[in-house]
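Please consult the sequence and the model shown below.

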Amino acid sequence: MNKTPRVLALLVVAGAATLGLAGCAGLGASSGGGADSAAQAPAPEAATDETAPDAAVVITGRITIETEDPIDAAAEATSIVTDAGGRVSGRSEHAAEDGGQASAELTLRIPADGLEDVRSALAGLGTVKDTSMESVEVGGTQRDLEARMTTLRTAIARYNEWLATASATSDLIELESEISERQTELEGLEAQARALDDQIAMSTVTLSLLSEYVPPKTAPSDFGEALAVGWSGFIGFWGSVVIALGVMLPWLATIGAITAFVIWVSIRARRRLPSRPAASGLDAALFPALDTTTPPTPEDAPAPR
């Protein structure tokens with residue numbers, strides 16, 4: 001088996017370790033020997049937003065504006081952003097219903113260097129009710145991504161050199177696997193860097209457009225409105241009654257038919273029963289209504305004394 005790639009790898013690692021130790025020693029010597037000169041030299045001024053205008057910053061925000069017609073205002077806002085070199089990445093509109101508010105919401109991507117001009121232009125669409133902006137410094141993240149991508153590119157180039165000189169099949173497979181793994185990682189970092197660059201270059205602002213809120217009426221203001229409300233209530237009541245009857249009619253018809261059938265069966269059963277015998281004397285005394293004996297005639301009545 002050809003040991004050349006592995007030997008080269010060991011040499012590279014050993015050289016990197018040697019360079020690292022030398023750099024640390026040089027750094028310590030320079031920091032120790034140059035203490036007096038550092039004390040005499042003026043300290044560098046800290047970087048501020050004014051001295052570092054190109055700092056990597058991601059700006060996001062939200063603006064709420066009250067306007068007469070949010071739908072038309074949304075179209076105007078789209079024109080303003082497009083003219084400034086931006087774009088609308090999201091849009092939703094809702095028309096007024098039953099006296100409610102009309103509204104529109106837009107997600108705007110605005111060039112960072114023209115954000116203030118666009119904000120001023122958007123303020124002319126109506127009355128600004130709320131504005132909030134947030135800036136996040138991402139320079140450290142950006143530098144970290146660049147460093148990691150540089151390291152991966154260097155590693156891929158080194159592996160490609162070893163791949164060109166490798167002859168053993170096992171070495172070829174191992175080198176190709178390492179190259180593929182690092183290439184996949186590099187592509188992911190490049191996608192993150194592109195997304196971060198886009199966020200830096202284009203600020204994201206959510207614009208909410210609302211119409212003026214008009215509270216609904218809770219009571220009639222004159223006789224005509226009162227009469228209209230009363231008539232609507234009257235019609236609504238009887239309409240509800242008719243609907244209820246329509247729902248109950250099949251049940252009422254079924255219950256009525258069953259009741260009529262039961263009554264008819266009861267009447268026929270009574271007609272088929274035998275006639276009842278005459279009530280006894282005790283029964284006649286207790287229940288005169290059940291006494292079926294023949295009433296006495298006037299001739300049988302006792303004579304008065």
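## Strand pairing, a loop residue and a bent helix

In strand E5, Thr204 is the bridge partner of Arg109. The model is a predicted one, in which local features need pLDDT of at least 70 and side-chain atom pairs count only at pLDDT 80 or more, while totals for chains, interfaces and linings use all residues. Residues are numbered from 1 along each chain as its sequence is written, and side-chain values use heavy atoms, with hydrogens and water left out.

Strands (E, at least two residues) and helices (H or I, at least four) are DSSP runs numbered from the N terminus. Two strands are taken to pair if DSSP finds at least two bridges between them. The pairings are as follows.

| Strands | Sense | Bridges | One partner pair |
|---|---|---|---|
| E3 and E5 (residues 202-210) | antiparallel | nine | Ala104 and Leu209 |
| E1 and E5 | parallel | seven | Ile63 and Leu207 |

Seven of the nine residues of E3 (residues 103-111) are buried, so E3 is largely enclosed by the rest of the structure. Strand E5 likewise has seven of its nine residues buried and is therefore largely enclosed by the rest of the structure.

Thr67 belongs to the loop between strand E1 (57-66) and helix H3 (70-83). This residue is buried, its relative accessible area being 11%. Contact means heavy atoms within 4.5 Å; leaving aside residues up to four places away in sequence, Thr67 touches Ala73, Leu125, Gly126, Leu209, Leu210, Ser211 and Glu212. A polar atom of the Thr67 side chain lies 3.0 Å from the backbone oxygen of Leu125.

Helix H7 (residues 223-272) has 50 residues and reaches 69 Å from its first C-alpha to its last, close to the expected 74 Å; the expected span is 1.5 Å times one less than the number of residues. At Met248, H7 bends by about 45°, and Pro250 follows within four residues. The bend is the angle between axes fitted to the seven residues ending at a position and the seven starting there.

Technical notes. Buried < 20%, exposed > 50% of the residue type's maximum accessible area, 1.4 Å probe, protein only. Polar contact = N/O pair within 3.5 Å; in protein donor to acceptor, adjacent residues only side chain to side chain.
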